[in-house]
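Below is a short report on selected geometric features of one protein model. The sequence and coordinates come first.

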Amino acid sequence: MKVEIETKKLYYGFPVILVGYKDSKWNYNVTTSSSSYTLGDTITMALSSASNAVKNIEQYKEFTVNVPRQSILNKVEICGFYSGQNKIGMADITYDIGKYVDAPLLDECMLSIECTVHSIIDHNGYTNFIGTIKRRLVCESLIDAESKLIGTEFNPIYFLGDDNQRIYRYFNEESNISGENMGCSSNESICG
């Protein structure tokens with residue numbers, strides 16, 4: 001049986017991302033988010049409207065999405081606090097500038113995506129950026145000999161919680177390939 005809970009926030013498991021952006025004060029900066037998804041070459045990412053990152057991304061119309069590993073959680077947390085400060089410097093993050101956007105690609109992250117802003121939607125204190133993906137970069141250790149992603153090795157930090165508590169979670173070692181979990185081969189007629 002399910003019961004209703006009273007909470008203003010509910011995070012039911014989203015990857016933590018580090019959003020890199022050009023900063024009018026610090027040259028380049030970074031912040032955290034757990035609100036993003038991609039469909040094809042479109043990305044949607046959201047941040048608190050009052051943040052320094054939103055002001056700068058609205059101005060420069062480009063950003064990067066960087067997916068960190070558990071091993072740099074301390075740096076991730078620094079980037080999630082201290083709005084308006086030089087968080088790249090505070091967290092001692094190394095980076096390169098994108099090929100298609102003037103924003104930082106974080107060296108210690110396993111995946112980086114260069115994005116330009118297509119549209120901006122403000123809603124209930126959050127700013128949603130809908131962007132176009134210009135380039136995707138993945139650590140070599142996550143690519144096989146055929147230049148395909150080794151999904152079983154991809155291990156992002158997940159963010160869960162509510163008003164009471166927020167936590168980080170991680171994948172375990174178990175992986176299942178999509179389409180192979182129906183109890184039969186997807187080629188068999190019973191599976192349609």
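The lining of the largest cavity divides into 5 nonpolar, 1 polar and 3 charged residues, where Ala, Val, Leu, Ile, Met, Phe, Trp, Tyr, Cys and Pro count as nonpolar, Asp, Glu, Lys and Arg as charged, and the others, Gly among them, as polar. The model is predicted: local features need pLDDT of at least 70, side-chain atom pairs count only at pLDDT 80 or more, and totals for chains, interfaces and linings use all residues. Numbering runs from 1 along each chain as its sequence is written, and side-chain values use heavy atoms, with hydrogens and water left out.

A cavity is a set of points, on a 1 Å grid over the protein atoms alone, where a 1.4 Å probe fits but cannot get out; lining residues have an atom within 4 Å of a point. Grid points are joined across faces, edges and corners, and a volume is the space filled by probe spheres set on the points.

| Cavity item | Value |
|---|---|
| Cavities of 30 Å³ or more, whole structure | 1 |
| Space in the largest cavity | about 40 Å³ |
| Lining of the largest cavity | Leu18, Ile72, Lys75, Ile93, Thr94, Leu106, Asp107, Glu108 and Cys109 |

Helices (H or I, at least four residues) and strands (E, at least two) are DSSP runs, numbered from the N terminus. Helix H1 covers residues 52–60, and its buried residues are Asn52, Ala53, Val54, Asn56 and Ile57. Buried means under 20% relative accessible area, exposed over 50%, and partly exposed in between (1.4 Å probe, protein chains only). Among the elements covering these buried residues are strands E2 (17–23), E3 (27–33), E9 (111–123) and E10 (126–138). Lys61 follows H1 and has a positive phi, near 65°.

Strand E10 also contains Ile130. With a relative accessible area of 23%, Ile130 is partly exposed. Apart from neighbours within four places in sequence, Ile130 is in contact (heavy atoms within 4.5 Å) with Thr42, Ile43, Thr44, Thr116, Val117, His118, Ser119 and Ile121. Tyr37 is 93 residues away from Ile130 along the chain, and their C-alpha atoms are separated by 9.8 Å.

UniProt lists residues 15–141 as "domain: Flavin reductase like" in an unreviewed entry; such annotations may be inferred rather than shown by experiment. Over residues 15–141 the chain is 17% helix and 50% strand, with the end C-alpha atoms 20 Å apart.

Strands E11 (residues 157–162) and E12 (residues 166–170) run antiparallel and are joined by 5 bridges; two strands pair if DSSP finds at least two bridges between them. A hairpin of 3 residues joins E11 to E12, and Ile157 stands opposite Tyr170 in E12.

How values were computed: 1 Å grid on protein atoms, 1.4 Å probe; cavity = no way out; pocket = protein on both sides within 12 Å on 5 of 7 lines; lining within 4 Å.
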